[in-house]
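Biologist: I would like to go through this structure with you. Could you take my questions one topic at a time?

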Amino acid sequence: MSLLQRLYAPQAQEPGKGRLASAVLLSVLAAIAVLVPLLNLTVPADSAFHVPTYLVSLLGKYLCFAMLALSIDLIWGFCGILSLGHGAFFALGGYAMGMYMMRQIGDRGVYGNAELPDFMVFLNWKELPWYWYGFDFFPFAVVMALFVPGLLAFVFGWLTFRSRVSGVYLSIITQAMTYALMLAFFRNDMGFGGNNGLTDFKDLLGFDLQSDNTRAVLLAATCVALAGCYLMCRSIVASKLGRLITAIRDDEARVRFLGYRVENFKLFVFVLSAMIAGLAGALYVPQVGIINPGEFAPANSIEAVIWVAIGGRGTLYGAIAGGVLVNYAKTVLTGVIPEIWLFALGGMFIAVTLFFPKGLVGSLPAAVDWVKRRIGKRNPPASSSLAEEPGQ
Amino acid sequence: MSLRQWMRGGALRFLMVFWALAVLVPHSGASAAEDLGTLVTELGAASLSKKQAVVDRMVATGAPEVVPILEALVGRDLYTRKSDGVVVIGQKTSGGKLLLTDPLTGSEVGTVGSREVKRIKTNNRLRSSVKAVMGTLTLMSPDPQRRLEAADGLLKSSDQAMLPLIETALAKEADAAVKNALQLAKASIKLQSDSAEERLAAVQSLADRTDPESRVMLSRLLLKDGDVWREPDEMVRATAGKTLASMESRLEMWRTVEHLYQGISLGSVLLLAAMGLAITFGVMGVINMAHGEMVMLGAYTTFVVQEVFRSVAPGLFDWSLAVALPAAFLMSALVGIAMERGCIRFLYGRPLETLLATWGISLVLQQTVRSIFGPTNREVGAPEWMQGAMESVAGITLTYNRLWIILFSFCVLGAVLLVLKKTAFGLQMRAVTQNREMARAMGIPTGRVDAMTFGLGSGIAGIAGVALSQIDNVSPNLGQAYIVDSFMVVVFGGVGNLWGAFAGAMSLGVVNKLLEPWAGAVLGKILVLVAIILFIQKRPRGLFALRGRAVES
C-alpha cells in the first residue's frame, strides 16, 4: 500500500463530534441554495416573504468569505500555519475570473475595442499580453482560478517549509507576499487594470450579471461549492492524513523524528487551502462586480483570520459561521455607525484571543454548561472544561 | 530688458564695455568723467534724438548715481521743473501731487502739482537701449543675485564683444555661483571663436564641470548638419567627446552618491521604526502589530505639541521638537505599558494569538486617532534649521531634514545600546532574553522587566514618529505604511539584535534606493520583498541569528 492509500484508509471516526454541526451546516446551505433564489424569483416583490436581490448578492458575498475562512481554518486550525496572506490567493482567483469576464465584454466597452479591454486601450497598448490568452474560454479561467493560487502556494510553501520557516516568521513573510502582490497589481504596467482593477463586467457564460436569475444561480453555485469544499476538508481532517497534520500542528519536531516528511504534508494542505481560497475569489468577483488590488491588502487577510478565530478554529464549520457572522456584523455596524466598525473589529480581535480562544462554537458548550449549572441542574457534561486549546 | 534686445542696438555696447572697464579699473575713469550734474541738465534739455548721446556720456562717467537716474528715465519719472528747468525725479503721492527728489543727491526738494513739471520725453528705442545698459551695469552690482542674473544673460547672448568685460569681472568676482556662471559664459563665447586653439581651450576649461549647460554646449559640438560637422576641427571634437564622457561618468558617480544618501536616510527611518520592534520581539518573542500605531501616536504627539507652541509661544516654535521628543516617548511608552499589562501578558507563549490581539489593538488605536483628529493629513511644521537643502556641483540635492534624521537615528541607536549594555535595567533585560526561567530564579522581576521592555520599545517607536512627522504625512494610516517594512527589517536582520536591525535597515534602505532608478519605485520595492522572502529560506533566523536552545522553542 502506498503512503497516501494508507493515510486515506478508513479509520475510527471521531465519535459524534462535529457530526451534528456538519448536518446542520449542510442543511442550512441546502436551504439557502434552494429557498433564497425561490423566494427572490417567484414571490412577488410586495410579499413579506420576498427576498430582495441585494440580499441575494450579499448572502453570496458572505458565503464566499466563509469559504475563505474555511480555507484558513484548514491550515491554521489543523496544521498550525497562520497565513496572513490568504487574501492573495483569494484575489488571484478573483482576478482569473475577472479576466474571463473582461474578455466577455468584447466590443461593448467604452472604447468599443473587440480585441483589448478598455484599460489597455486607455494605456495605448496595441496587443493583448500573452498572459491574457485563453481567458476567453470559461473552463480555462476556472482552471486558472485554481491553478494560479495553487502554484503560488506551491512555490512559496516549497521554499518556506523545506527550510523550516515556521511560526510568526512564516506569518510575517506571508504578509510580505500579499503586500508585494498588492504593490505589483497596483502597477498599470502589470496589465491587470492597475488601481481600478477589473470591473464593468457584463455577463458570465452569456448570462447577464445584472439579472436576478444569474444572481440566484451564482448564490446556489456558491452554496454548492462551499458544501463541497467543506465535505472535502472534513474528509481530509477525519482521515489518517488529517491525524498526521494535526500531529504536525501539535509537535512538528516529533512527527519529523517519527520519520514523516513534514514539509510535504504541510505543502499539500497549504496548496489545497490556497486553491479553496482561489475558488472563493472566483465566485466572489461576479457577485460583487469588481476586483481591484485592494483585495491584496494585508489588512484583509488578517481580518479573514479573525473570522476563523471568532467562529472557532479547528472545527471547519466554526470558520464558516465566523465568516458569515462577522461580515454580517460589519454590514450592520458600518450601516449604522461607520466609525464604530473598527472599534468593534479591534475589540473582537482582543476579546476572542483573551477570553474565547476556542471561538464561538468552542465556547458555546461551555457557556451552556455554565448556564445549566447556574440553574442548579447537576451532572455537568464531559465537554465542560475549556481544554487547552490547540496550536501555538 | 534683456541684454540680447539691446545687442541688436549696436554702437552703444562698445561704449558700455569701455565704461565697464573704466569703472573696474580704479582711477582711470575718474579723470575722464564729466560732471554728472551738467549732463543731467543736458538730458533735460536735449531733443529726443540727442538724448541717446547724453545717456552714453552719463554712462561713461561711471558714477553710481547713474543707475537711479536711468531707472527714473525708463520709468518715466524724470521731469524738468518748469520754474527753473532743473531736472528732478518725481513720485506720485496720494494727493495726486508729485514728490520731487534731486536725482544726484536723492534728497527731497518739495511737492508740486503735476502741472508745474514737464516729463522728459522718451521713446521705445531709447528706453530699450537704456534698459540694456542697465542690465550690464548690474554685472558690477554689489548684490550677488543681480550679478548672477547678468552673467546668465551673458551666457544666453554669448557675444564676442563682451569677452573683455567678462574677463575683468571674473578677476574681481568673489562669489562662487557668479564666478561659475561667468566662466560658463566665457567658455560659450570662446567656443564661437574662429581659432581652433581658442575653442580647444574653451572645451578644456569645461572639463571640471558637470552642469547641464556645459554638457549641452559640448554635445552640440558633436552634432552634424547634414554631412558637415558643426565643429570643423577634429582635435576639438575628440577632446569634447572625451570631456563629455568623463563628465557623464562623474555625474553617474554623483547620482550614485545621491541614491546612497537617500538609501541611508530611508534606512535610518526604517531603523527608527524597527528598533523598538527588535527589542520587543527579541526579548519577549512578541510580535507587536500595533507597533506602527506607536509610531503614529508619536507623530500625533508632535502635532499636538506644535499646536500648543503655535498658540502659546509662537516665537519658540523652533524648539517644539525638543519638547515633542520626550512627550512622544512618554506617550507611546505609556500606551505600550498599558497594552502589555492589560493584554499581552496573558498571551505569553502564544505568539500567534499575540499577533492577532495586537492587531486588534492597532485597529482600535487607529480608529481612536481618526475619531479625535479626523481622517485627513495633519500639518506638522519643520523648525527652521531642518529646512532647506545642501546643493552640490552636480545638481544633486541633500535635504537637511533627512540629514538630521540620519544623525538622529544613529543617536537613538547609540542611546539604546547604552541602555542595554550599561544600565541595570539593560542587564536584567538581557538576562530575561537569554533565559527567562533562570533570570526569574535569580530574582529578576521578569513581569516588570517585560513591561518596561515593552515600554522602551514602544517609546522608541514614539520618537520614530517625531522623526517621521518631518518627512511623511501625519495621518491615522501612518503606522500601517511602515509596519510591513519594519517587520522585514527585523526578520532580515535577525530578532533581538540591535546590530541586526541596523544592518537590516541600512541594507534594505540602500538596496531599495539603488534599485529605484533602475526598476522604478514600486517594482524596486517588490524586488526587495521577494529577495527577503527568498533570503529567509536560506537563513530562517535572519542575518544575526541568536543561537542556543531557547531559540528553537
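Predicted model: local features only at pLDDT ≥ 70, side-chain atom pairs only at ≥ 80, totals over all residues.

Biologist: Let us begin with chain B. How many helices and strands does its secondary structure come to?

Modeller: Chain B has 24 helices and nine strands. Of its 553 residues, 43% are buried. Among the contacts in chain B with a separation of 6 or more, 70% are between residues 24 or more positions apart.

Biologist: Into which domains is chain B divided?

Modeller: The division gives domain 1 (3-140), domain 2 (144-232) and domain 3 (253-552). Taken over C-alpha atoms, the centres of domain 2 and domain 3 of chain B are separated by 50 Å.

Biologist: Now the open sheet in chain B. In what order do its five strands come?

Modeller: The order is β4-β3-β2-β1-β5 in chain B, and the pairing is antiparallel. At the edges stand β4 (108-112) and β5 (117-119) of chain B; each has a single partner strand, so one side of each is left without a neighbour in the sheet. From one strand to the next, the twist averages 40 degrees.

Biologist: Take β3(B) next. How many bridges join it to β2(B)?

Modeller: Strand β2 (residues 87-92) of chain B is joined to β3(B) by four bridges, and the two run antiparallel. Within that pairing, Gly90(B) has Leu100(B) in β3(B) as its bridge partner. The hairpin of β2(B) and β3(B) has five residues between the strands, and Gly96(B) in this hairpin takes a positive phi near 80 degrees.

Biologist: And what about β3(B) with β4(B)?

Modeller: β3 (residues 98-101) of chain B pairs with β4(B) over four bridges, again in the antiparallel sense. Thr101(B) has Glu108(B) in β4(B) as its bridge partner, and Leu98(B) stands opposite Val112(B) in β4(B). These two strands also form a hairpin, with six residues between them, and Gly106(B) in the turn has a positive phi of about 85 degrees.

Biologist: Which residues of β3(B) are on the covered face, and which on the uncovered one?

Modeller: Leu98(B) and Leu100(B) make up the covered face, while Leu99(B) and Thr101(B) make up the uncovered one.

Biologist: Let us move to a helix. Which residues of α12(B) are buried?

Modeller: In helix α12 (residues 212-221) of chain B, the buried residues are Ser214(B), Met217(B), Leu218(B) and Leu221(B). They cover an arc of only 90 degrees around the axis, so they lie on the same side of α12(B).

Biologist: What is exposed on the other side of α12(B)?

Modeller: Pro212(B), Val216(B) and Arg220(B) are exposed there.

Biologist: I also marked Lys179(B). In which helix does it lie?

Modeller: Lys179(B) belongs to helix α10 (residues 176-190) of chain B.

Biologist: Why does Lys179(B) count as partly exposed?

Modeller: Because Lys179(B) has 17 C-beta neighbours inside 10 Å, and that count falls between the limits of 12 or fewer for exposed and 20 or more for buried. Apart from neighbours within four places in sequence, Lys179(B) is in contact with Leu170(B) and Glu173(B). Its C-alpha atom is separated by 56 Å from that of Thr280(B), 101 residues apart along the chain.

Biologist: What is the phi of Leu316(A)?

Modeller: Phi of Leu316(A) is near 65 degrees, a positive value in a residue other than glycine. Most residues other than glycine have a negative phi. Leu316(A) is found in the loop between α12 and α13 of chain A.

Biologist: Is Leu316(A) buried or exposed?

Modeller: Leu316(A) is buried, because 29 other C-beta atoms lie within 10 Å.

Biologist: Finally, how many residues of chain A are in contact with chain B?

Modeller: 40 residues of chain A are in contact with 34 residues of chain B. On the side of chain A that touches chain B, the elements giving two or more residues are α6 (138-162), α7 (167-186), α12 (298-311) and α14 of chain A. α7(A) gives the most, with 14 residues. By class, that side of chain A has 27 nonpolar, ten polar and three charged residues.

Note on methods. Residues numbered from 1 in each chain as written. Chains lettered and ligands numbered in written order. Pairing = 2+ DSSP bridges. Axes fitted to C-alpha atoms, helices over the stretch in contact; angles between N-to-C directions. Domains from an automatic or database assignment. Contact = placed C-beta atoms within 7 Å. Nonpolar A, V, L, I, M, F, W, Y, C, P; charged D, E, K, R; others polar. Arc of directions from axis to C-beta.
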